Amino acid sequence: MDLLRGVNLYLVGMMGVGKTTVGRILARELNYRFFDTDAVIAQVANESIADIFATQGEEAFRELETQVLGQLSAYTNLVVATGGGTILRLTNWSYLHHGIVVWLDVPVDQLCDRLREDTTRPLLRDGEIKSKLETLWQQRERFYAQADVRVSANIRETPEVVAARAIEHIKKVLKSKIGNDIN
């Protein structure tokens, strides 16, 4: 996709939407490198995300997340899967806007089905999962809506189908931006 010219793609969305899986496919299709900010944070901190939350708290995790995002945004030809809460910090948007922000959007009911057995997510540890996801969604939706591209998906679609649709949406956005730049 020559239209990208090396511009990074940043995938945002709720936990469990498939940012990492779809991101790997996009990176392969675009001949880009792939990074998952959570994986980079865990590697840098030498402990799991759950352990960082437990020992240092969410604020310390968010600070590491911002540092990692800042470092990654200095490069080009990347697809970056971000954590679900990355969009909550204004500073992070300054990094995200160096590239194209792609919001992977999956309905909360489907996320509940997908995440019901997942015990690794610190924000879903205590309480009823659907209620927690709905609360997170309400807090975050207005931030996700600031993305350049929104790709609505459902859990019955393969990640390959979602990635292909993302590429089509990205092409439309890029073509409209190029058209606006010319006019």
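Arg-150 counts as partly exposed, at 44% relative accessibility; the class covers residues between buried (under 20% relative accessible area) and exposed (over 50%), using a 1.4 Å probe and protein chains only. The model is predicted, so local features need pLDDT of at least 70 and side-chain atom pairs count only at pLDDT 80 or more, while totals for chains, interfaces and linings use all residues. Residues are numbered from 1 along each chain as its sequence is written, and side-chain values use heavy atoms, with hydrogens and water left out.

Side chains of opposite charge can pair when their charged atoms come close. The partner of Arg-150 is Asp-105: the two form a salt bridge whose closest N and O atoms are 2.4 Å apart. Asp-105 lies in strand E4 (residues 100–105) and Arg-150 in strand E5 (residues 149–152), so this pair ties together parts that are 45 residues apart in sequence. Asp-105 counts as buried, because its relative accessibility is 10%. A salt bridge here is a side-chain nitrogen of Lys or Arg within 4 Å of a carboxyl oxygen of Asp or Glu, and by this rule the count comes to seven salt bridges. Strands (E, at least two residues) and helices (H or I, at least four) are DSSP runs, numbered from the N terminus.

Helix H4 holds another of these pairs. Its 15 residues (58–72) should span 21 Å at 1.5 Å a residue, and this agrees with its end C-alpha atoms, which are 21 Å apart; the expected span is 1.5 Å times one less than the number of residues. Within H4, the buried residues are Phe-61, Arg-62, Leu-64, Glu-65, Thr-66, Val-68, Leu-69, Gly-70 and Leu-72.

Arg-62 forms a salt bridge with Glu-58, with 3.1 Å between the closest N and O atoms. Both residues lie in H4, four residues apart, about one turn of the helix. Arg-62 has a relative accessibility of 7% and therefore counts as buried, whereas Glu-58 is partly exposed, with a relative accessible area of 32%. A network of salt bridges links Glu-58, Arg-62 and Glu-65.

A further pair sits in helix H8 (residues 159–182), where Lys-171 and Glu-168 are three residues apart and so separated by about one helical turn. The closest N and O atoms of the salt bridge between Lys-171 and Glu-168 are 3.8 Å apart. Lys-171 is partly exposed, with a relative accessible area of 27%, and Glu-168 is partly exposed at 42%.
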